[in-house]
Amino acid sequence: MGVSHHGQRALNKFKFVHHALLCGGKSGPPHDMAVIKTKIKEGSKIMLQYSFKRVLWVFPTLIGVLLLLFSLTYFLPGDPATAILGPRATPELIEEINSRLHLDRSMPVRLGYYLKGIAQGDLGTSVWSGHSVSSLMMEALGHTAMLAVTTLAVAAAIGIILGAFGAIRQDTPISGVVTVASLMGVALPDFVAALLLMLVFCVKIPILPAIGAGEGFWDMIVHLILPATALGIGWVGYLARLTHESMVDVLEADYIRTARAFAIPQKSIAYVYALKNAIIPTITVLGLGVGKLLGGAVFVEIIFSRPGLGKLIVDAVYARDFPVLQGGILVATVLFVLANLLADISYGFVNPQIQYD
Amino acid sequence: MKAKNSIRKIVIALFALLLLLPMGAGAKSNDQLKIAIWEDVSTFDPGWMTSGERELAIMSCLFNGLVKYKEGSWDIVPDLAESWDISSDGLSVVFHLRKGVQFHKGYGEMTAEDVKFSYERMLDPALKSPEKGQWEQLDHVEIVDKYTVKLIFKSKKVTLFTSLLPMNTGYIVSQKAVKSLGHDKFGKNPVGTGPYELDSWKPKQHVKLQRFDKYWGETPKINKIAFLPIVEDSTCETALKTGELHVGRSSMINYQSFAKNSKFNVYSKPALKTYWLGMTVSHPPFDKLELRQAFRYAVNVDMLVEASFYGTAKRANTILPPGLPDYWADAPEYKQDIKKAKSLMKKAGKPNGFTVKLFIPANDAERIMAEVIKADAAKAGINVIIEVKEIGAFNEAANKGETDAYIQFYTSTIDPNYIMQYFAGESWNPSQYRNAAYTSLIKEGVSVADPQKRNQIYVDAQKQIDKDAWAIWLTHGTKFWIAQSNVNIGLIYPNGRIAPWTASFK
Amino acid sequence: MNTTSTGIIQKKRSLTLGWTQNITIIFKSIAKKKGGLIGSIFIAIMLLCAAAAPWLAPFDPNEQNILQRFAGPGLTHLLGTDYLGRDTLSRIIYGCRIAVLVAFGAVSLSSIFGVFLGVVAGYNEGKKFDYFIIWLFDIVRSFPQIILALAIVAVLGPSLVNVVIALAFTAFPFYGRIARAQTLSVKETDYVKAAEAMGQKPIKIILKHITPNIMAPVIVCLGMDMATMVIWESGLSFLGLGVRPPTASWGIMLRNGYKYIQVSPWTIVWPALAIAFSMIAFSLFSDGLRVALDPKERNR
């Protein structure tokens with residue numbers, strides 16, 4: 001659904017977030033100075049209407065997603081038996097597996113079987129391991145979610161703190177640190193960062209683990225260090241700048257100056273008013289980051305041999321494990337759709353001046 | 001001022017966290033042995049095991065057969081059968097089973113019933129085992145008494161003791177377990193008589209085994225084993241160095257550096273693979289014998305093997321690896337001879353060269369081989385176009401004969417028919433080789449018992465391939481293992497397979 | 001001065017100012033800011049490498065020298081050699097070519113296709129066609145980009161062209177959305193209404209009046225998108241589903257570096273630096289571009 005704007009001036013104020021939204025949040029941290037103000041929700045009724053329409057729109061989207069997904073797997077050359085068994089795949093076996101997966105039927109028929117399965121709560125079974133796709137995915141999702149949450153939490157914590165410090169104390173070299181951090185985040189996409197980190201901390205000085213997710217609480221934390229850093233580098237700089245700029249502008253606003261004039265202590269001004277107002281656009285942007293994170297997670301998981309949704313999908317492509325491939329992409333896509341939904345709706349809270357169609 | 005203090009505190013905290021790191025990385029407990037394998041298992045049902053070697057290291061921890069290869073050699077020794085008598089006509093064998101052998105997870109004692117069940121189910125068409133062909137000569141299994149079982153064959157199974165019983169499909173499964181769990185579930189919850197039982201299997205993550213305390217044989221020294229599927233050699237190397245793995249492999253190029261490293265021990269054996277460059281004979285350009293021969297003379301195999309295997313492997317001259325009894329020791333070694341290549345091309349009417357479409361899978365060794373071949377072929381005026389295909393697409397295209405040339409490898413077992421049969425058939429015969437003489441030799445070889453005669457048949461078959469020149473044999477590869485110096489890897493079979501139940505920590 | 005339209009509209013409305021002069025103005029304002037200047041210089045370097053690769057590269061990027069593989073940086077091979085003995089510096093320079101081709105190719109393809117669909121949809125706001133186009137956009141947008149690109153390349157087969165197609169396919173909805181959103185407001189402006197009243201054909205209105213005036217945010221996205229395309233190509237090649245060997249792409253070089261990470265760390269470092277360089281170039285440039293195209297910003 002499109003979002004129309006109402007007034008160029010209002011647009012400019014939300015340029016930062018607006019820009020991220022328009023470019024789908026996919027292309028990395030913009031370096032813009034934005035003025036973000038939040039007004040009390042005037043058009044809350046319009047917004048509810050918009051939200052409802054927006055939620056309804058999810059369904060035709062999912063249907064279209066299924067169609068595209070099935071077209072892709074339909075045209076994917078190769079069959080699982082040959083991919084897995086190699087020379088040991090007898091023609092009878094190939095035929096047996098192919099007919100079990102309905103690979104010899106036309107696309108609408110295959111889609112029909114798949115939907116029937118979903119309606120019964122069955123996402124299929126992995127050709128490779130015989131495990132149910134749903135169990136494989138629950139586990140994979142858990143690992144990817146753990147990676148994503150840790151990355152965002154740490155990046156957000158570091159980024160917001162850095163940005164806040166830089167805004168409050170403009171005379172410290174913090175802003176220089178922030179600029180360098182955001183530049184590094186841009187220059188090193190996740191998988192390049194992952195490779196370099198592995199090179200330094202696993203190969204040159206072998207002190208951090210290079211494979212797996214670990215067992216036991218501390219072991220898992222240690223196994224998260226490098227992957228989360230690789231994924232999070234871009235975010236730290238970005239979030240720092242975001243917080244910094246939004247806080248600087250808010251701090252200069254009239255009502256803050258008034259509060260200062262009344263000698264309200266500096267600390268409470270900063271923490272109570274400014275940070276609160278700066279958080280909301282940050283959250284919107286974080287919501288958009290889901291897609292970018294999943295993309296980066298694919299590489300990080302493969303490079304560090306971590307179990308997860310990305311690795312699951314890529315392995316399934318190589319092995320032509322169609323049930324897992326379809327299930328994995330479907331789950332990833334549904335998550336993505338939901339994240340977009342949340343982002344779109346929450347964006348409405350950020351800018352009530354937007355007209356909703 | 002306060003900000004500076006806070007920053008200081010944060011830095012100190014981070015520093016302290018760093019000191020905790022060595023505790024996390026590579027926790028070395030002597031309780032669990034971590035071994036890296038190439039790929040994950042696809043099932044634990046021995047009747048459905050597919051590739052010859054991939055799952056064997058794990059399966060041989062879980063199961064026993066009637067007989068086994070003595071660890072570290074190809075000699076056949078008793079396993080679950082204490083002794084056996086072969087009938088005079090060679091068509092039946094009576095096995096006397098060991099008493100008091102227990103299955104895992106409380107499934108009771110192993111008896112003749114389990115043997116009968118394990119083998120007869122291979123023939124069941126409803127189960128569609130990919131290994132059915134191996135057992136087709138079996139007629140049925142007779143239970144003589146609780147610990148005596150008779151295998152009756154329709155025709156003489158010459159490979160019964162050499163490659164059928166000691167391998168995957170020869171393993172004995174618990175009838176009770178298979179019947180109660182069902183075939184599918186049994187594949188994830190194996191019940192055998194081996195020294196280890198399955199603890200957990202997370203696909204593509206790990207296979208964890210736990211020592212079986214009721215094992216009938218010698219108790220293994222190591223309590224737990226974890227098999228970790230790692231596809232990339234370099235990841236394996238890194239994990240070895242960080243201490244996350246006890247036993248693994250390295251890329252060939254790093255073999256020497258591990259060999260020299262006192263923290264590791266290396267063990268190497270020639271592998272039973274055969275890499276070859278195949279030419280498709282069903283369409284131009286390689287439908288012409290002279291052009292195939294020309295290509296054979298254009299490629300510098302020694303240089304190719306050196307480049308792709310970094311001096312750890314030798315060149316191959318025929319399809320069977322040396323060490324196999326029917327290896328053709330006198331196979332010709334073709335050296336690069338551009339002049340000869342060019343004259344053959346002239347003879348075939350292509351004096352100015354021709355184009356070859358070469359398909360390869362996206363593997364390291366094959367990529368290097370392809371590059372070397374391309375450079376070599378160019379010297380004779382042959383233009384090689386390399387197309388890297390993702391493995392699924394590669395197999396499909398190569399098997400259909402869609403390309404002019406391809407690089408492929410198959411893995412042998414001790415039975416030469418295992419690998420040679422494909423080129424007499426329709427599937428997995430990428431060169432589309434159809435030769436009546438070869439086919440009849442292969443058919444004959446399966447039924448001949450006399451080792452001398454077999455040898456002659458298989459050598460003749462190899463000679464036929466050489467004459468028809470549709471393959472340039474490259475190498476048989478090397479199988480090697482790297483273990484931490486505090487690990488005794490145990491015994492290793494001639495083809496490089498390890499026997500983890502013989503391993504221990506020093 | 002019509003304050004409800006952007007400055008660029010004003011610029012282009014000055015009928016006598018042609019395309020070249022507009023572009024010159026834009027570049028001048030980019031260069032005013034330090035970041036934009038650096039970005040432009042970096043991009044110029046990349047374009048130079050891409051175009052002049054055969055003359056700049058000291059060796060043939062595919063020339064193998066097995067005996068000299070894994071050489072570290074030295075006098076003959078300034079950046080060392082890879083696992084087949086090929087010169088790394090030459091491969092980096094040729095890799096620039098691939099990066100530029102992918103970046104520009106995928107971005108052009110997706111933006112042209114996307115903008116066209118978006119404008120037409122926006123112009124027909126509310127009609128069935130509009131909803132259909134939005135539906136298409138949302139379907140493609142719902143897939144995680146890398147996975148969609150991966151799947152498409154797996155279907156089509158790895159090659160440079162297929163990578164460009166796959167990447168373009170994953171990106172076109174973003175341009176479509178921007179174009180459509182912009183079209184919705186632009187089509188309400190006076191001169192468009194006037195053109196309609198005068199009976200001008202819709203296609204002419206779209207091409208002459210609407211499209212030029214929506215380009216500002218599109219162009220800004222183009223800049224950042226190029227950086228993303230370079231990453232994605234490297235990523236796909238890293239997974240083995242990108243360009244075919246022996247093509248020298250930075251992604252393939254990273255893949256080989258990863259495989260030999262224990263042997264020669266240099267094989268990872270150089271392509272990583274090259275990618276970093278291109279990322280900084282595109283980012284700074286697109287930043288400058290965005291600032292240049294924004295009438296408010298230019299006064300800061």
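Reply: In this predicted model, I begin with a loop of chain A, the one between α13 (266–303) and α14 (309–319), where Ser305(A) is found. Ser305(A) has a positive phi of about 50° although it is not a glycine, and Ser305(A) is buried, because 24 other C-beta atoms lie within 10 Å and 20 or more are enough for that term.

Another loop of chain B, between β13 (273–279) and α9 (289–298), holds Pro285(B), and the peptide bond that joins Pro284(B) and Pro285(B) is cis, with omega about 0°.

As for the meeting of chains, 17 residues of chain B are in contact with 17 residues of chain C. On the chain B side, two or more residues come from each of α7 (233–242), α12 (364–379) and β15 (383–389), and α12(B) gives the largest share, five residues. That side divides into seven nonpolar, three polar and seven charged residues.

Within chain C, helix α7 (residues 160–186) contains Ala179(C), which is buried, with 27 other C-beta atoms within 10 Å. Beyond its neighbours within four places in sequence, the contacts of Ala179(C) include Gly114(C), Val115(C), Gly118(C), Ile214(C) and Val218(C). Gly122(C) is also in contact with Ala179(C), and although the two are 57 residues apart in sequence, their C-alpha atoms are 7.7 Å apart in space.

Definitions and conventions:
Residues are numbered from 1 along each chain as its sequence is written. Chains are lettered from A and ligands numbered from 1 in the order in which they are written. This is a predicted model: local features need pLDDT of at least 70, side-chain atom pairs count only at pLDDT 80 or more; totals for chains, interfaces and linings use all residues. Two residues are in contact if their C-beta atoms, placed from the backbone, lie within 7 Å. Helices (H or I, at least four residues) and strands (E, at least two) are DSSP runs, numbered from the N terminus. Ala, Val, Leu, Ile, Met, Phe, Trp, Tyr, Cys and Pro count as nonpolar, Asp, Glu, Lys and Arg as charged, and the others, Gly among them, as polar. A residue is buried if 20 or more other C-beta atoms lie within 10 Å of its own, exposed if 12 or fewer, and partly exposed in between; C-beta atoms are placed from the backbone.
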